[in-house]
Amino acid sequence: MENKLEGRDITKDYANPDSQTYAPMTRVGVFLDRNSENYNVKSRYLSTYEGLLELENFLPDFVTQPRIKAPKPKTVTKAGFVKRKFRQERELAEIHGVSEKSSSC
């Protein structure tokens, strides 16, 4: 009974990051990079500059020249009042505008 065969413990395999589940070793016969060259894309459009320009000509304008509009911050509350932050900024701008005029005289 000492030579009892144990089955695979799947929970133990997934709990251990060094296990064959996460990192199969090539000495066991698993070659992850085998035949990876079959997935390389070979195209005259991608290999030359002229090909890239030709591909770019087929793209619509909104792809090559995106128009992004930044959202405007809401300065007024639902009740119609100016928010404190923007009121303070406006007051500071007025103060700086007044101080610039008075210092230039």
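**A close look at the salt bridges**

A: Let's begin with a pair of charged side chains. Arg8 and Asp13 form a salt bridge, and their closest N and O atoms are 2.7 Å apart. Please keep in mind that this is a predicted model. Arg8 counts as exposed because its relative accessible area is 59%, and the cut-off for that word is over 50%. As for the background, side chains of opposite charge can pair when their charged atoms come close.

How many salt bridges does the structure hold? The count is 2, and the other pairing to visit is between the side chains of Arg44 and Glu54, at 3.8 Å from N to O. This pair links distant parts of the chain: Arg44 belongs to helix 2, Glu54 belongs to helix 3 (residues 49-58), and 10 residues separate them.

Now let's stay with Glu54 for a moment. Is Glu54 buried, partly exposed or exposed? Its relative accessible area is 29%, so Glu54 is partly exposed, a label for values between the 20% limit for buried and the 50% limit for exposed. Leaving aside residues up to four places away in sequence, Glu54 touches Arg44 and Tyr45.

Those two contacts of Glu54 are also linked to each other. The charged end of Arg44 sits over the ring of Tyr45, 4.4 Å from the centre of that ring. Arg44 therefore takes part in a salt bridge with Glu54 while its charged end lies over the Tyr45 ring, under the rule that CZ of Arg must be within 6 Å of the ring centre and within 35 degrees of the ring normal.

Val41, Leu46, Leu52 and Leu55 make a nonpolar surface patch of about 360 Å². Val41 is found in the loop between helix 1 (10-15) and helix 2 (44-47). With a relative accessible area of 64%, Val41 is exposed.

Finally, let's step back to the whole chain. The protein chain has 5 helices and 0 strands, which read along the sequence as α-α-α-α-α. Of its 105 residues, 3% count as buried. The protein chain exposes about 10800 Å², with carbon and sulfur atoms supplying 55% of that area. Among contacts with a separation of 6 or more, residues 24 or more positions apart account for 0%.

Note on methods:
Residues numbered from 1 in each chain as written. Predicted model: local features only at pLDDT ≥ 70, side-chain atom pairs only at ≥ 80, totals over all residues. Heavy atoms only, no water. Patch = residues over 30% accessible without salt bridge, like charges linked within 9 Å, V, L, I, M, F, W, Y side chains within 5 Å. Areas by Shrake-Rupley, 256 points an atom, 1.4 Å probe, with all protein chains shown as cover. Salt bridge = Lys/Arg side-chain N within 4 Å of Asp/Glu carboxyl O. Helix = DSSP H or I, 4+ residues; strand = E, 2+ residues; numbered from the N terminus. Buried < 20%, exposed > 50% of the residue type's maximum accessible area, 1.4 Å probe, protein only. Contact = heavy atoms within 4.5 Å.
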